Amino acid sequence: MMTSCSHPFASLDGQPGSPLYRQLYDRVLAAIAAGTLSPGDRLPSVRALAKDLGVARGTIELAYSLLTSEGYLLALGQKGTVVNPELQKPLLSAPALSVSSEVIENSPDALWRPPQLLPFQMGVPAMDEFPRKIWARLGARYLRGMRSGDLDYPPPHGLPALRSAIASYLQVSRGIDCGAHQVFITSGWRSSLSLIVHTLLRAGERAWVEDPGYPTTRQVLRQFGIELEAVPVDAEGMDVEQAIARHQAAQVVMVTPGHQSPLCMALSLPRRQLLLEWVARSDAWVVEDDYDGEYRYVSRPLPALASLDRNGRVLYAGTFSKVLFPGIRLAYLVVPQGQVAAFERVSRALFSAGSPAITQALVAEFIVEGHFTRHIQRMRRLYSERRALTIEALERSLPNGLLVERSPGGMHLVLRLPEGVADTALTEQLLAKGIAVQPLSRWSVSSRRQSGLLLSFTNCACAAQGEQLGALINRALSRGWLWSGRTPHPTNQGLPERPH
């Protein structure tokens, strides 16, 4: 049995070649492969190992969580963390483990998220402000009134009450003229996109995707054999004119028009009109991913692209993960009238009963009773305050010349880094300190990758968090090794002067 005094991980190299958590990850695997750690052996506690190695607890937690997610370790709560007792000797080959981990880490469009909520983590609403008492009351009422029919599988396309509630909400809030029969309930964005591909596309067909854009979208499309054309994004959103003029024709266009993911601008009205004209003329489709369109802070939320569609070419995808909470695993897809029958056939055959009936029923009641609209209004005010607080705190502590882009809406901020700074290395350093930001470069498709940080402000309730992040970035940039190919200036770290 391992103890904090007898572990085989005596020291970690602080050089920039490999992050500390990865070094520990590799050493644990090597110890397992060599037999130093056997199935069932207990590892040192996070606190003890962090103290012994002189590193942050977040570094140990990250290495342990990766090993646990891959099946090599087993977390037993208060009993500690052990080597998985079910590991078989053939699985403990060090060379094979090294190759597989590299493939996973370097696979295109892979976004990793920590096993627990961390400050600035993307894609997570304000967990501390969700109306739990209202949700519990609705749940208790549903359970008291359950009948035997409620125990059966839910309808394959979604609970009628929820489909109707969503359709009514979208007509008022997003200007989308749709009926309940056009709304399909799914278990998330991956599920919605998979349903679209199964119904409308074939392997080998082409999709236009935003560059930079949401990596998961590209990941799902590639899994289905869809060829991708990366279309650059500028201040007006996806450059539709360039796509039409220079790129091969596509069967589908993936776009985030309300709040571009990740750069936060809106698709301009002329480009919206041009895109709709082109897809109607080309017999193509537009998939509108409206992942956080409810949140805009300088004006009213923009109308959905689907509200302008007069030819039945736009499929509108929404989610409750960003508005309510991620664990709900509930999303929806609004399809054109002419495609309802096709989507019903595929949904019934491949995607039936994707979300529990109780979850759908609670969300339907949450919407119908007005809690949903009130919750969005409260969150819009709260996020506006937290957004301003985070920006001010960051800019007080960031190096001279680094500014946060003040986007008009959404749930995250973009912090541009100087040219030549490795944003992936910086995010690794911050993650070891317990801060989960994402590197902008990982969201790019082409080789012209932009360097920056993506950070959510939704769970930042105090200025101290923003100041801590700014100070850590300042300290990391001042060390110099994050720059590739040049040495930063000793006084200003190679940054431009802050504009007056």
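**Note on the predicted model**

1. Isoleucine 473, leaving aside its neighbours within four places in sequence, is in contact with Leu398, Leu402, Leu415, Leu426, Leu430 and Leu453. Together with Phe320, Ile473 has the most contacts inside the largest nonpolar core, a set of 81 residues. A second core is separate and has 27 residues, among them Ala31, Ala50, Tyr64 and Val83. In soluble globular proteins, nonpolar side chains tend to be buried together.

2. The model is a predicted one. The chain has 500 residues, and 53% of them are buried. Its secondary structure comes to 15 helices and 14 strands. Of the contacts between residues at least 6 apart in sequence, 72% join residues at least 24 apart. The accessible surface is about 22,500 Å², with carbon and sulfur atoms accounting for 52%.

3. An open sheet is formed by eight strands with mixed pairing, in the order 3-10-9-8-7-4-5-6. Strand 3 (183-186) and strand 6 (237-238) are the edge strands, each pairing on one side only. Within the sheet, strand 7 (residues 252-255) and strand 8 (residues 285-289) run parallel and are joined by four bridges. Valine 252 has tryptophan 285, in strand 8, as its bridge partner.

4. Which strands does helix 10 lie across? Helix 10 (residues 269-282) lies across strand 4 (206-211), strand 5 (227-234), strand 6, strand 7, strand 8 and strand 9 (314-319). The helix runs at about 160° to strand 7.

5. Helix 8 (residues 215-223) is mostly covered, with seven of its nine residues buried. These are Pro215, Thr216, Thr217, Arg218, Gln219, Val220 and Leu221. The buried residues of helix 8 pack against helix 7 (189-200), strand 4, strand 5 and strand 7. Glycine 225, which follows helix 8, has a positive phi, near 80°.

6. The structure holds 14 salt bridges. One of them joins arginine 22 to aspartate 26, with the closest N and O atoms 4.0 Å apart. Both residues lie in helix 1 (residues 20-34), four residues apart, about one turn of the helix. Aspartate 26, at 36%, counts as partly exposed.

7. Glutamate 241 and arginine 271 also meet through their side chains in a salt bridge, at 3.3 Å from N to O. This pair links distant parts of the chain: glutamate 241 is in helix 9 (residues 240-246) and arginine 271 is in helix 10, 30 residues apart. Arginine 271 is buried, with a relative accessible area of 6%, whereas glutamate 241 counts as partly exposed at 40% relative accessibility.

8. A further salt bridge joins the side chains of arginine 396 and glutamate 467, at 2.7 Å from N to O. Arginine 396 belongs to helix 13 (residues 371-397) and glutamate 467 to helix 15 (residues 463-479), so the pair, 71 residues apart, links distant parts of the chain. Arginine 396 has 52% relative accessibility and therefore counts as exposed, the cut-off being over 50%. Glutamate 467 counts as partly exposed at 32% relative accessibility.

How values were computed:
Residues are numbered from 1 along each chain as its sequence is written. This is a predicted model: local features need pLDDT of at least 70, side-chain atom pairs count only at pLDDT 80 or more; totals for chains, interfaces and linings use all residues. Side-chain values use heavy atoms; hydrogens and water are left out. A nonpolar core is a set of buried Ala, Val, Leu, Ile, Met, Phe, Trp, Tyr and Cys residues joined through side-chain atoms within 4.5 Å. Buried means under 20% relative accessible area, exposed over 50%, partly exposed in between (1.4 Å probe, protein chains only). Contact means heavy atoms within 4.5 Å. Helices (H or I, at least four residues) and strands (E, at least two) are DSSP runs, numbered from the N terminus. Accessible areas come from the Shrake-Rupley method with a 1.4 Å probe; for residues, only the protein chains shown count as cover. Two strands pair if DSSP finds at least two bridges between them. Axes are lines fitted to C-alpha atoms, for helices over the stretch in contact, and angles run from 0 to 180 degrees between N-to-C directions.
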